[in-house]
Amino acid sequence: MLIKIAAKNALSENDVTDESVYMDRRSLLTRMGFLGAGALLSTPSQAGIFDLFGGEEPEEVALAKLQYQAAAADPQTLTPENKVISHNNFYEFGTKKTQPQQMARGFVTDPWQLTVNGMVNKPLTLDYQQLHKRLPLQERIYRLRCVEAWSMVIPWVGFPLADLIRQADPTSKAKYVAFKTLYDPEQMPGQSSRFMGGGIDYPYVEGLRIDEAMNPLAFLAVGLYGKALPGQNGAPIRLIVPWKYGFKSIKSIVAIELTDKQPPTTWNILAPDEYGFYANVNPAVDHPRWSQASERRITTGGLLADNRIATLPFNGYADEVAHLYKNMDLRKHF
Ligand SMILES: Nc1nc2c(c(=O)[nH]1)N[C@H]1C(S)=C(S)[C@@H](COP(=O)(O)O)O[C@H]1N2
Ligand SMILES: [Mo]
């Protein structure tokens, strides 16, 4: 795949590594249990996040990382970490934006089990450790565009969804990939209260067509800002599909199933006239109740700093993904 690098969008390594998060790289691994007391790194600036996950960064990975940084991020800003972890949609922990951070505080994600099965030759079950170790971790800076018309720029840590799917070796029958969030009403208060959980019929489910799932942009995140994913952002593992509205990026995944039928998806079940299966970011197709032509980019603190900017087709990733929808009417398949 070719990723165009637009000079005007270029981010230097310094822009990206400036955030305090990179000073904290060690704490990610410590918290994930990969760094013993003696395993110290020379200095934070010498240690790349990749080093921390045990291994050399292959040249292709290094190149891909730089390309994604250039292509994916806006020049001026990452959304500050404190915003990324305090303004959330995770209805299992309440429907208010500030609720998930509070309610997910004690969310237990280790032990965890993620199964990959269905139309595959090699079904997989990954435990908490394997989620972080089975595949080389990389960083991706992506825009996240919620269907509610706010957006952020977030540095995720994880691996391409395609890498995991390939390990399970899908059969030729597999045409879709279905995802499911943990169902645990004792831990997730929104699942046991219609009032708190927004009327969703849990568990939260999502799906992609297999060619969408295999696109190099589709990503499974286990961390953000160089640290393990906080509960409110979908620990221990969540999907990121940056060219689609945020609700496709399902959190706290326990099951990935390859199937030959288009899987049901939570928001489509809840309001089929408002939320389709595809949910590609599209400024030309308004939500029935509001415009999708622009968005509020959440940047630094204060209302004045929150910019309204034009929404781009496929959230700015058209070069990478528009070909997937070549012969489709995107008004019909919204
Ligand atoms: N299981 C689950 N996944 C979910 C949601 C949810 O309520 N439950 N909300 C979605 C929506 S609407 C958005 S915009 C993103 C928000 O991700 P963030 O809180 O990490 O920014 O998560 C998505 N994934
Ligand atoms: Mo969203």
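Predicted model: local features only at pLDDT ≥ 70, side-chain atom pairs only at ≥ 80, totals over all residues.
1. A149 is buried, with a relative accessible area of 8%. A149 is placed in the loop between strand 3 (138-145) and strand 4 (150-160).

2. S252 also has a positive phi in a residue other than glycine, here near 45°. Is S252 buried or exposed? S252 is buried, because its relative accessible area of 0% falls under the 20% cut-off. The loop that holds S252 runs between strand 9 and strand 10 (253-259).

3. Next, the cis peptide bonds. One links Y202 to P203, with omega near 5°. P203 sits in the loop between helix 9 (194-197) and strand 6 (205-209). Another cis bond goes from A235 to P236, with omega near 0°. For P236 the location is the loop between strand 8 (227-228) and strand 9 (238-240).

4. Now the ligand site. Which residues come nearest to ligand 1? They are N88, Y91, E92, N233 and K251, out of 16 residues around the ligand. By class, the shell holds seven nonpolar, six polar and three charged residues.

5. Polar pairs at ligand 1 deserve a look. N88 places a polar side-chain atom 2.9 Å from a ligand oxygen. Y91 uses a polar backbone atom, 2.8 Å from an oxygen atom of ligand 1. E92 has a polar side-chain atom 2.8 Å from a nitrogen atom of the ligand. On its own, ligand 1 has 540 Å² of accessible area, and the protein covers 98% of that.

Notes
Residues numbered from 1 in each chain as written. Chains lettered and ligands numbered in written order. Heavy atoms only, no water. Near = heavy atom within 4 Å. Polar contact = N/O pair within 3.5 Å; in protein donor to acceptor, adjacent residues only side chain to side chain. Areas by Shrake-Rupley, 256 points an atom, 1.4 Å probe, with all protein chains shown as cover. Nonpolar A, V, L, I, M, F, W, Y, C, P; charged D, E, K, R; others polar. Helix = DSSP H or I, 4+ residues; strand = E, 2+ residues; numbered from the N terminus. Buried < 20%, exposed > 50% of the residue type's maximum accessible area, 1.4 Å probe, protein only.
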